[in-house]
Amino acid sequence: MRDAYRQVEAGELYARCILFAALATLRGPSNCNSPTGERDIMELNQLTYFIHLAETLNFTAAAKLSGISQPSLTRSIRRLEEELGGPLIYRDGKNSRLTGLGHDVEIEFRKMMAALQSVRHHSDNWSAGRHRTIDVAVAPTVGPGAFTDFVSSALEHVPSVEIKLHSLLPGEDAAELLSGKYHACILPREPRPDRKLDLRPLFRERFVLGCAADHPLARAEVVRCEDLRHFPYVDRL
């Protein structure tokens, strides 16, 4: 039970770090390492307050959606405008509308809300021992048929696990495992030995060379990789 509380607290702390980092990009350099306290909670609430205001363009309606008084919401929005360095909404009664900065902030705040919800979702699942997501990156040159049966079988036997497949981007390799971006990688060749990595061979692939009938390699029983170096272009389809 104590571990569950630690996981929830870690998830909440990570969510706040996401918020502080995103706010820093909007308002410029500032001290985002403030200790957890009332001000931190207020900043988290400001996302919801401003999104409600952007949806309704009405302070009274936004306060009602946020579950606070209208003066409290007004003060929160003014404090947010001071922190970001500009007005977020043109206050003109029924014709109130977001400023250019307000539109940009709304987009970023919605991204942050989605990130916060994802963090809380994963934290809740970890603390309850429920659903887990495993991110597996696959090199573009590895054919999916070699491992799709395994993935399907794994999902049948462990329904509480979700496996997300990603395509490795150019320049990415096993180092992405050490950075925490992926939980596993399927690579066409063995990476450099590293005591932090668990390397396991999964399958062997058969390569076939297609060439013209009169090509110098057409009569060869076996074509070695070094034999291909003498020809201008070889591509894997």
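Let me begin with a convention: two strands pair if DSSP finds at least two bridges between them, and helices (H or I, at least four residues) and strands (E, at least two) are DSSP runs, numbered from the N terminus. What we have here is a predicted model, in which local features need pLDDT of at least 70 and side-chain atom pairs count only at pLDDT 80 or more, while totals for chains, interfaces and linings use all residues. Residues are numbered from 1 along each chain as its sequence is written, and side-chain values use heavy atoms, with hydrogens and water left out.

With those conventions in place, the sheet is an open one of 3 strands, in the order S4-S3-S5, and its pairing is parallel. Strand S4 (161-167) and strand S5 (184-186) each have a single partner strand and stand at the edges, so one side of each is left without a neighbour in the sheet. Neighbouring strands here are turned by 25° against each other on average, direction ignored, where axes are lines fitted to C-alpha atoms, for helices over the stretch in contact, and angles run from 0 to 180 degrees between N-to-C directions.

Let me stay with strand S3, residues 132-138, which pairs with S5 in the parallel sense over 3 bridges, while 7 bridges join S3 to S4, again running parallel. Val136 stands opposite Leu165 in S4, and Val136 also stands opposite Ala184 in S5. S3 is mostly covered, in that 5 of its 7 residues are buried, buried meaning under 20% relative accessible area, as against exposed at over 50% and partly exposed in between, with a 1.4 Å probe and protein chains only.

Turning to the helices, H4 (residues 70-84) has 15 residues and reaches 21 Å from its first C-alpha to its last, close to the 21 Å expected at 1.5 Å a residue; that expected span is 1.5 Å times one less than the number of residues. The buried residues of H4 include Leu73, Thr74, Ile77 and Leu80, and just after the helix Gly85 takes a positive phi of about 85°.

On the H3 side the contact is made by Phe59, Thr60, Ala62, Ala63 and Ser66, and on the H4 side by Gln70, Leu73, Thr74 and Ile77, contact meaning heavy atoms within 4.5 Å. These residues divide into 5 nonpolar, 4 polar and no charged.

One residue in helix H2 (residues 38-56) also deserves a mention, namely Ile51, which at 8% relative accessibility counts as buried. Not counting residues up to four places away in sequence, Ile51 touches Phe109, Arg110 and Met113, and its C-alpha atom is separated by 9.6 Å from that of Ser66, 15 residues apart along the chain.

Finally, for the protein as a whole, there are 7 helices and 5 strands, and buried residues make up 29% of the 237 residues. Of the contacts with a separation of 6 or more, 56% are accounted for by residues 24 or more positions apart.

Definitions and conventions
Nonpolar A, V, L, I, M, F, W, Y, C, P; charged D, E, K, R; others polar.
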